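Subject: Structure for you to look at

Hello,

Here is the structure I promised to pass on. Please open it alongside this email, and my notes on what was found follow below.

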Amino acid sequence: LAHKVRAQGLLFRDGMIYTPRIPIESAPTAVLLVANASQEIARWLYEHVKIKRIRHFRELLGSFLKNTFDKRVAPATIVGRSCKPHEFANVITFTGGKRLIIDTAVYEASSINSRVVANLDVKANNDPLLDQRIVYDDEENWTPADLNWLQVGAFAIPFSRSSEVIERLASNAERTQVA
């Protein structure tokens, strides 16, 4: 990137664009010059460099669940129909024993398959006190086929809508226990 700013009389080192030493009277012009060069570099990087965004949606979801459900949400091991134990990071327990599994899957074949299998095995128990959801990061480029496969394990929820869906499910679970 240094060659892109050098033509304007600027310097580039350690990710910073700056001017050589200048008289204080030239500072306003230098600020403008550095700002414009920074904008040009940002545009060039945006157009030419693929930057992978990293969003830790599992941690964000876990934090939301802890803040919303406090001690009612915890990791749990649930044994499926096959007698195999499956680990779930977020299981919400409601009054009356009803539980809601909030599972997560990332866009990798091994993650998708393991979560589908675990949820299918647990679902095969036909436990009326257990409900299941799989949350996926909808900022990833999921294919319709992969989303359909995820849906085989449990209802799939996009992360962007997870808080409203989970709150609605929790409200329904509490309401059915009272009635």
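To start with the overall make-up, the protein has six helices and seven strands. Please keep in mind that this is a predicted model. Along the sequence, the elements follow the pattern α-β-β-α-α-β-β-β-α-β-α-β-α. The radius of gyration is 25 Å, well over the 16 Å that the globule rule gives for 179 residues, so the protein is more spread out than a compact globule. The C-alpha trace spans about 75 × 35 × 25 Å along its principal axes. Of the 179 residues, 32% are buried. If we take contacts between residues at least 6 apart in sequence, 56% of them join residues at least 24 apart.

Five strands make up an open sheet with mixed pairing, in the order 3-4-5-6-7. At the edges are strand 3 (73-79) and strand 7 (155-158), each of which pairs on one side only. Neighbouring strands in this sheet are turned against each other by 40° on average, direction ignored.

Going through the pairs, strand 3 and strand 4 run in the antiparallel sense and are joined over six bridges. Here T77 stands opposite E87 in strand 4. The two strands form a hairpin with five residues between them, and C83 in the turn has a positive phi of about 75°.

Strand 4 also pairs with strand 5 in the antiparallel sense, over three bridges. I92 stands opposite L100 in strand 5. Strand 4 and strand 5 form a hairpin too, with five residues between them, and in its turn G96 has a positive phi of about 90°.

The pairing of strand 5 (residues 99-105) with strand 6 (residues 130-136) is in the parallel sense, over seven bridges. A105 has Y136 in strand 6 as its bridge partner.

Two helices that pack on this sheet deserve a look. Helix 3 (residues 57-69) touches strand 3, strand 4 (85-93), strand 5 and strand 6, and its direction makes about 160° with that of strand 5. Helix 4 packs on the sheet as well, touching strand 3, strand 4, strand 5 and strand 6, with its direction at about 75° to that of strand 4.

Helix 4 has a helix partner too. The axes of helix 4 and helix 5 (residues 144-153) come within 7 Å and cross at roughly 30°. That angle makes helix 4 roughly parallel to helix 5. On the helix 4 side, the residues that meet helix 5 are I112, N113, V116, N119, L120 and K123, and their counterparts in helix 5 are D146, W149, L150, V152 and G153. By class, this contact has six nonpolar, three polar and two charged residues.

Is S111 buried or exposed? S111 is buried, because its relative accessible area is 8%, under the 20% cut-off. Leaving aside neighbours within four places in sequence, S111 is in contact with R58, A105 and V106. Of these, A105 is the residue whose bridge partner in strand 6 is Y136.

Do write back with any thoughts once you have had a look.

Best wishes

Note on methods:
Residues numbered from 1 in each chain as written. Predicted model: local features only at pLDDT ≥ 70, side-chain atom pairs only at ≥ 80, totals over all residues. Heavy atoms only, no water. Buried < 20%, exposed > 50% of the residue type's maximum accessible area, 1.4 Å probe, protein only. Contact = heavy atoms within 4.5 Å. Axes fitted to C-alpha atoms, helices over the stretch in contact; angles between N-to-C directions. Helix = DSSP H or I, 4+ residues; strand = E, 2+ residues; numbered from the N terminus. Parallel < 35°, antiparallel > 145°, perpendicular 65-115°, else oblique. Nonpolar A, V, L, I, M, F, W, Y, C, P; charged D, E, K, R; others polar. Pairing = 2+ DSSP bridges. Rg over C-alpha atoms; globule rule 2.2 N^0.38 Å.
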